[in-house]
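Visitor: Could you walk me through this model, starting with the surroundings of a single residue?
Guide: Gladly; let us look at it together.

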Amino acid sequence: MARKAHWEQVYESRSAESVSWFQPHAHLSLALIQALEPRREAHLMDVGGGASTLVDDLVRAGYQHLSVLDIAGAALGVAQRRLGLLATGVAWLEGDVTELALPQHGIDLWHDRAVFHFLTEAADRQRYVRRLLSALRPGGHVIISAFAEDGPAQCSGLPVRRYSGSTLWAELGAPFQLLEQREELHHTPAGAQQQFIYCAFRRPLVEAEPLASS
């Protein structure tokens with residue numbers, strides 16, 4: 001509840017355009033999504049999407065099955081009001097990604113910009129990965145963006161974990177293949193610079209069976 005209260009307070013006290021992670025357009029996320037999942041009928045989920053404008057651009061690009069998940073209802077409300085009538089074509093999910101039950105293998109592409117790096121406890125990261133494995137279909141794709149190793153140590157007054165491509169891949173584990181990694185220098189509304197890393201993964205259609213213990 002403390003985590004939810006923090007993010008509700010952020011979006012109730014500040015405009016979405018003033019928070020440090022705001023992007024007028026999520027150009028790199030959109031480019032990666034379109035490259036990995038060109039099918040407009042695919043099911044896409046933006047984890048922590050909240051007030052992000054990514055959903056606007058995905059709707060305009062013709063994607064038909066979009067879900068936006070965020071812990072803060074106030075953040076989701078920003079995007080819903082901005083989209084107006086178009087918001088009715090999006091599934092809006094309010095909850096903590098480490099706890100929320102999601103449809104089994106219902107997602108073709110899972111996108112997360114700046115949620116995973118807030119999970120500083122190993123148990124939370126493990127719960128996140130279990131939710132991901134449950135929701136993502138075999139053959140599906142994952143895009144996770146987090147602060148890079150030379151990125152900030154805190155965001156919104158909270159500590160974060162910083163990642164390289166290899167350390168982020170290690171958190172997801174053996175079922176995933178790392179396809180691509182890119183860096184992005186994000187310019188905050190206040191004029192600061194933050195280094196992000198974006199990693200694209202694929203879940204194989206057939207996963208290797210674990211080796212039997214001797």
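Guide: Leaving aside residues up to four places away in sequence, Ala-148 touches Arg-162, Tyr-163, Gln-195, Phe-196 and Ile-197; contact means heavy atoms within 4.5 Å. This is a predicted model, where local features need pLDDT of at least 70, side-chain atom pairs count only at pLDDT 80 or more, and totals for chains, interfaces and linings use all residues. Residues are numbered from 1 along each chain as its sequence is written, and side-chain values use heavy atoms, with hydrogens and water left out.

Visitor: Is Ala-148 buried or exposed?
Guide: Buried means under 20% relative accessible area, exposed over 50%, and partly exposed in between, with a 1.4 Å probe and protein chains only. Ala-148 counts as buried because its relative accessibility is 3%. Ala-148 sits in the loop between strand E5 (136-147) and strand E6 (154-155); strands (E, at least two residues) and helices (H or I, at least four) are DSSP runs, numbered from the N terminus.

Visitor: What is the strand order in the open sheet?
Guide: Strands of a sheet pair through backbone hydrogen bonds, either parallel or antiparallel. Here the order of the 7 strands is E3-E2-E1-E4-E5-E9-E8, with mixed pairing; two strands pair if DSSP finds at least two bridges between them. Strand E3 (90-94) and strand E8 (177-187) are at the edges with a single partner strand each, so one side of each lacks a neighbour in the sheet.

Visitor: How many bridges join E2 and E3?
Guide: Strand E2 (residues 65-70) pairs with E3 in the parallel sense over 5 bridges. Asp-70 has Glu-94 as its bridge partner in E3.
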